[in-house]
Amino acid sequence: MFEKFVNRYIIEGDLKAATALHIGAAVDEFRPNGCKNPFFRNAGGLPLIPGSSLKGAMRSFLEQYLSSEPGKDELRGKMPSAREICNEQHPCADAKQDDTLKKLLKENKKDSEEKLSNYLFGTAGGEGGKLCIVCRLFGSGLSAAKFSIRDARVVEESFQGDFEIRSGVAIDRDLGTSVTNKTFTTEVVPEGTTFSFKAVLENADENEWDMVKQLLRAMKLGLIQIGGMKSRGLGEIRLDNLRYQLINETNIAKYLSGESVAYTKLS
């Protein structure tokens with residue numbers, strides 16, 4: 001699927017914190033006066049949203065949507081031969097259960113990679129394809145992802161340099177009361193902080209591009225939350241000013257020679 005360049009969608013936008021936002025970072029040292037749950041930072045100390053955090057939230061939303069009746073109807077309408085969305089118990093491609101796939105993985109012939117790619121992703125003519133649309137876009141144990149999300153860097157003009165500190169008390173789930181001496185603090189970026197969003201979609205067919213546009217619109221509408229403490233009102237984001245470049249076989253040579261490719265607004 002990736003042995004030949006077909007196209008590349010380069011997607012950019014402004015990722016705005018519609019509510020306060022917390023992306024947790026591991027703490028390796030004891031800091032008596034420090035926040036117990038700091039925000040993820042880059043080397044310069046500025047807040048950063050790892051691409052993995054965005055990718056996980058987007059994949060989860062797409063899985064939930066395509067498992068619902070409206071999502072299934074859309075999938076059947078656009079992709080009549082599409083497979084059901086898989087899960088850990090029932091993967092769409094399993095080398096332990098699929099003898100054909102097991103054989104292809106063991107083959108070491110000149111055309112082995114192409115045959116495996118056709119078996120997993122389908123041929124150009126629309127035949128075959130073991131992977132469900134989610135695994136095609138976000139990757140699986142047998143394939144790389146077509147859709148990748150870059151780390152979102154803060155737009156410094158939107159960030160005043162100060163994090164907010166939210167305090168909380170641990171709650172006993174059985175009694176519903178606070179637990180004595182079990183307090184915690186969490187570092188968040190304030191509402192309105194903006195991050196730069198960038199994603200890349202490689203060698204996509206029309207249906208895959210349509211599905212990515214659905215995801216981007218869901219982010220624009222604030223339907224996808226990220227980070228921690230979502231049940232406490234944090235994590236709502238909105239994606240604005242969406243635009244993309246399409247690099248394909250007709251303009252790749254000019255693009256590589258330094259010519260600019262116009263952005264198209266994504267509504």
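**Entry 1. Terms and overall content**

I count two strands as paired if DSSP finds at least two bridges between them. The structure I examined is a predicted model.

I then recorded the overall content of the protein chain, which comes to 7 helices and 9 strands. Of its 267 residues, 39% count as buried. I also looked up the contacts with a separation of 6 or more; residues 24 or more positions apart account for 67% of these.

**Entry 2. The sheet**

I traced the order of the strands and found an open sheet of 5 strands, β3-β7-β1-β8-β9, with antiparallel pairing. β3 (147–149) and β9 (264–265) are the edge strands, each with a single partner, so one side of each has no neighbour in the sheet.

I next went through other pairings. β1 and β7 are joined in the antiparallel sense over 9 bridges; valine 200 in β7 is the bridge partner of isoleucine 10. I also asked how many of the residues of β7 are buried. I found 7 of the 9, so β7 is largely enclosed by the rest of the structure.

At the other end of the order, I noted 2 bridges between β8 (residues 237–248) and β9, which run antiparallel. Here tyrosine 244 stands opposite threonine 264 in β9.

**Entry 3. Helices on the sheet**

I looked up which strands helix α1 (residues 51–67) touches as it packs on the sheet, and recorded β1 (7–17), β3, β7 (194–202) and β8. The direction of α1 makes about 135° with that of β3.

Helix α6 (residues 206–220) also packs on the sheet, and I found that it touches β1, β3, β7 and β8. Its direction makes about 155° with that of β8.

**Entry 4. The pair α3 and α4**

I examined the packing of helix α3 (residues 99–106) with helix α4 (residues 112–121), and noted an angle of about 150° and axes 9 Å apart. Angles over 145 degrees count as roughly antiparallel, and α3 and α4 are therefore roughly antiparallel to each other. I recorded their crossing as left-handed.

Which residues make the contact? From α3 I listed Thr100, Leu101, Leu104 and Leu105, and from α4 Lys115, Leu116, Tyr119 and Leu120. I sorted the residues of this contact into 6 nonpolar, 1 polar and 1 charged.

Conventions:
Residues numbered from 1 in each chain as written. Predicted model: local features only at pLDDT ≥ 70, side-chain atom pairs only at ≥ 80, totals over all residues. Heavy atoms only, no water. Helix = DSSP H or I, 4+ residues; strand = E, 2+ residues; numbered from the N terminus. Contact = heavy atoms within 4.5 Å. Axes fitted to C-alpha atoms, helices over the stretch in contact; angles between N-to-C directions. Parallel < 35°, antiparallel > 145°, perpendicular 65-115°, else oblique. Left-handed = near helix turned anticlockwise from the far one by under 90°. Nonpolar A, V, L, I, M, F, W, Y, C, P; charged D, E, K, R; others polar. Buried < 20%, exposed > 50% of the residue type's maximum accessible area, 1.4 Å probe, protein only.
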